[in-house]
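Thanks for asking me to look this one over. Here are my notes, in numbered points, to read alongside the model.

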Amino acid sequence: MQTSARGARSAFRPYGTTAGRAVAHRRRVIVSLLAQAPHGLTARQIQETTGVSKDLTVSALTGLFVHGWVHKHQHCYVLTAAAEAVLA
């Protein structure tokens, strides 16, 4: 698993702004959803479940991917083994 130099936990660190806290919250919600879906969810399923716009959903998923929390399996986003270990 590759993570940024800041580490996987930084995916949830609020940036000190309202927008930054909203990003961190969206990412936590998505990780919670994926933890309940062992076979993963598509971006559309995540968008429909959370009620968040497509752009914000994709942005949150991209951040989780970059920080090593999720990977794509076919068309679905799935938690990485490292993310599951952190959540356990």
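1. Let me begin with Gln74, which sits in the loop between strand S1 (70–73) and S2. Helices and strands here are DSSP runs numbered from the N terminus, helices being H or I with at least four residues and strands E with at least two. The phi angle of Gln74 is near 60°, a positive value in a residue other than glycine. Is Gln74 buried or exposed? Gln74 is exposed, its relative accessible area being 68%. In these terms, buried is under 20% relative accessible area, exposed is over 50%, and partly exposed lies in between, with a 1.4 Å probe and protein chains only.

2. A word on provenance: this is a predicted model, in which local features need pLDDT of at least 70 and side-chain atom pairs count only at pLDDT 80 or more, while totals for chains, interfaces and linings use all residues. Residues are numbered from 1 along each chain as its sequence is written, and side-chain values use heavy atoms, with hydrogens and water left out.

3. Now the overall layout. The chain has four helices and two strands, and from the N terminus the order is α-α-α-β-β-α. Of its 88 residues, 38% are buried. Taking contacts (heavy atoms within 4.5 Å) with a separation of 6 or more, 53% join residues 24 or more positions apart. The chain exposes about 5500 Å², and carbon and sulfur atoms supply 55% of that area; the areas come from the Shrake-Rupley method with a 1.4 Å probe, and for residues only the protein chains shown count as cover.

4. In soluble globular proteins, nonpolar side chains tend to be buried together.

5. Setting aside neighbours within four places in sequence, Ile30 contacts Ile46, Thr57, Ala60, Leu61 and Leu64. With the same exclusion of neighbours within four places, Ile46 touches Ile30, Leu33, Leu34, Leu41, Thr57 and Leu61.

6. How do H2 and H3 meet, and at roughly what angle do their axes cross? The axes of helix H2 (residues 43–50) and H3 come within 10 Å and cross at roughly 120°; axes are lines fitted to C-alpha atoms, for helices over the stretch in contact, and angles run from 0 to 180 degrees between N-to-C directions. From H2, Ala43, Ile46, Gln47 and Thr50 meet Lys54, Thr57 and Leu61 of H3.

7. Finally, the loop between H1 and H2, where Pro38 is placed. Pro38 counts as exposed at 64% relative accessibility. What is the C-alpha to C-alpha distance between Pro38 and Val78? The two are 7.2 Å apart in space, although 40 residues apart in sequence.
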